[in-house]
Amino acid sequence: MYNIDIRNITPLTDFRNNIKKYLEEISIHKKPIVITQHGKSAAVIMDAEKYQEMQDQIDFMRKVTLGLEDYREGRTALADDVFNEIDQILS
């Protein structure tokens with residue numbers, strides 16, 4: 001993931017007037033651009049592929065967290081027991 005670069009902050013008006021230029025920049029450099037409105041951050045525009053990568057990472061971290069929570073709460077089973085149960089179901 002990328003940190004926000006101060007040079008990648010632009011006012012909404014400039015973004016609106018130069019959308020094609022900014023989309024090309026995002027496509028080439030893959031760095032997000034912060035759009036400001038009335039001097040405050042309002043949105044972040046980023047490459048769709050990088051966005052999906054970020055969502056996949058968040059999903060993975062969420063699943064790891066849930067797995068660790070299951071482990072702490074004792075909601076686990078030995079792999080051998082699971083495979084034995086599967087074998088019994090398939091037999």
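Helices, of at least four residues, and strands, of at least two, are DSSP runs numbered from the N terminus. In this predicted model, the secondary structure of the protein comes to 4 helices and 3 strands. From the N terminus on, these elements follow the order β-α-α-β-β-α-α. The radius of gyration is 23 Å, well over the 12 Å that the globule rule gives for 91 residues, so the protein is more spread out than a compact globule.

**Overall dimensions and surface**

- Taken along the principal axes, the box filled by the C-alpha atoms of the protein is roughly 65 × 25 × 15 Å.
- The protein exposes about 7,700 Å² of surface, and carbon and sulfur atoms supply 55% of that area.
- Of the 91 residues in the protein, 14% count as buried.
- Among contacts in the protein with a separation of 6 or more, 40% are made by residues 24 or more positions apart.

- Strand 1 runs parallel to strand 2 (residues 33–37), and 3 bridges join the two.

**The nonpolar core**

- The largest nonpolar core consists of 5 residues, namely Phe-15, Tyr-22, Ile-26, Ile-33 and Ile-35.
- Helix 2 (19–29) and strand 2 each supply at least two residues of this core.
- Leaving aside residues up to four places away in sequence, Ile-26 touches Lys-31, Ile-33, Ile-45, Met-46 and Asp-47.
- One of these partners, Ile-33, is itself a member of the core.

**Loop residues with positive phi**

- Most residues other than glycine have a negative phi.
- Lys-30 has a phi near 60°, a positive value in a residue other than glycine.
- The loop between helix 2 and strand 2 holds Lys-30.
- Lys-30 has a relative accessible area of 26% and is therefore partly exposed, a class that lies between the limits of under 20% for buried and over 50% for exposed.
- His-38 likewise is a residue other than glycine with a positive phi, near 60°.
- The position of His-38 is in the loop between strand 2 and strand 3.
- These two strands form a hairpin with 2 residues between them, and it is in this hairpin that His-38 takes its positive phi.
- His-38 counts as exposed because its relative accessibility is 76%, against a limit of over 50% for that class.

Notes: Residues numbered from 1 in each chain as written. Predicted model: local features only at pLDDT ≥ 70, side-chain atom pairs only at ≥ 80, totals over all residues. Heavy atoms only, no water. Pairing = 2+ DSSP bridges. Core = buried A, V, L, I, M, F, W, Y, C linked by side-chain atoms within 4.5 Å. Buried < 20%, exposed > 50% of the residue type's maximum accessible area, 1.4 Å probe, protein only. Contact = heavy atoms within 4.5 Å. Rg over C-alpha atoms; globule rule 2.2 N^0.38 Å. Areas by Shrake-Rupley, 256 points an atom, 1.4 Å probe, with all protein chains shown as cover.
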